[in-house]
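Hi there,

Here is the structure I promised to pass on to you. Have a look at it first, and then read my notes below.

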Amino acid sequence: MKEIDGDLIKLASEGEFDVIIHGCNCQCQMGKGIALTVKNKYPAAYAADCATEKGSREKLGTYSSVEVTSGGYRFVIVNAYTQFHWRGAGVKADYEAIQSVMQKIKADFPGKRIGYPLIGAGLASGDWQVISNIINDQLMGENHTLVRFKP
C-alpha cells in the first residue's frame, strides 16, 4: 500500500486514479464524510447507491459503481458496502465485508490505479491496522494508494 496526503476526489479529477473507493452503509445514506462529498459532487454515484435495495444486509461486501468524467479524466467511483448502518456508538465497520469487497475490486479492476481514504476507520470507527492488513492482503500485486485527507 502506498500512502500519500491529499484530496482523493481532487486527485482523481487530475487523472491520478482509475478507480476510487469509499466505504458506504447499506441504508442508501451518504450523509457524512467523503460519502457526502461524493454524493454532492457526483450525483450519479449516489444514484448508483440508491438503485440498490435500501437496508439489505445482502449488500455487505459488495459494491455499486459508476464511471464519471471530471477535469477531463474518466474514473470509476466505487460505493463499497463496508458497514450496515451508521447510527449509534461503537465499531460499525464490518471487516468481513471489507475483505469481500476488496476481493471483488481486485477481480473487477486488475491493473488499475486504485485510490481510497481510511475506509472503515473514520466515521465507522474500525481499527485501521486491521483494515489496512485486509486491504493489503486482498489487493496484493495491485497499484493501490491510501490517500490521507489533507486539503
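With a relative accessibility of 26%, N136 counts as partly exposed, where buried means under 20% relative accessible area, exposed over 50%, and partly exposed in between (1.4 Å probe, protein chains only). This residue sits in helix 5; helices (H or I, at least four residues) and strands (E, at least two) are DSSP runs, numbered from the N terminus. Leaving aside neighbours within four places in sequence, N136 is in contact with M1 and H144, and contact means heavy atoms within 4.5 Å. M1 is 135 residues away from N136 along the chain, yet their C-alpha atoms are separated by 6.2 Å.

Before you go further, please keep in mind that this is a predicted model, in which local features need pLDDT of at least 70 and side-chain atom pairs count only at pLDDT 80 or more, while totals for chains, interfaces and linings use all residues. Residues are numbered from 1 along each chain as its sequence is written, and side-chain values use heavy atoms, with hydrogens and water left out.

**Salt bridges**

How many salt bridges does the structure hold? There are five, each being a side-chain nitrogen of Lys or Arg within 4 Å of a carboxyl oxygen of Asp or Glu. As background, side chains of opposite charge can pair when their charged atoms come close. Here are some to find on your screen.

One of them joins E3 and R148, at 3.3 Å from N to O. This pair links distant parts of the chain: E3 belongs to strand 1 (residues 2–6) and R148 to strand 6 (residues 143–149), 145 residues apart. E3 is partly exposed at 47% relative accessibility, and R148 is also partly exposed, with 32%.

Another is formed by R113 and D18, with 2.9 Å from N to O. These two are 95 residues apart, with R113 in strand 5 (residues 113–116) and D18 in the loop between helix 1 (8–13) and strand 2 (19–25). R113 has a relative accessible area of 30% and is partly exposed; D18, at 22%, counts as partly exposed too.

K10 and E14 make a salt bridge as well, and their closest N and O atoms are 2.8 Å apart. Relative accessibility is 47% for K10, which counts as partly exposed, and 36% for E14, again partly exposed.

**K112 and what it touches**

D18 turns up again here. Not counting residues up to four places away in sequence, K112 touches D18, V19, E142 and N143. You will find K112 in the loop between helix 4 and strand 5, partly exposed at 38% relative accessibility.

**How the helices pack**

Now turn to helix 4 (residues 95–108) and helix 5 (residues 128–138), which pack at an angle of about 25 degrees with their axes 9 Å apart. Axes are lines fitted to C-alpha atoms, for helices over the stretch in contact, and angles run from 0 to 180 degrees between N-to-C directions. Helix 4 and helix 5 are therefore roughly parallel to each other; angles under 35 degrees count as roughly parallel, over 145 as roughly antiparallel, 65 to 115 as roughly perpendicular and the rest as oblique. On the helix 4 side, Y95, I98, Q99, M102, Q103 and K106 meet V130, I131, I134, I135 and Q138 of helix 5. These contact residues divide into seven nonpolar, three polar and one charged. Ala, Val, Leu, Ile, Met, Phe, Trp, Tyr, Cys and Pro count as nonpolar, Asp, Glu, Lys and Arg as charged, and the others, Gly among them, as polar.

Helix 2 and helix 3 (residues 43–50) have axes that come within 5 Å and cross at roughly 110 degrees, so these two helices are roughly perpendicular to each other. V38, K39, N40 and K41 of helix 2 make the contact with P43, A45 and Y46 of helix 3.

**Two backbone angles to check**

Most residues other than glycine have a negative phi. C28, however, has a positive phi of about 60 degrees although it is not a glycine. Is C28 buried or exposed? At 7% relative accessibility, C28 counts as buried. S125 also has a positive phi, near 60 degrees, and lies in the loop between strand 5 and helix 5.

Enjoy exploring!
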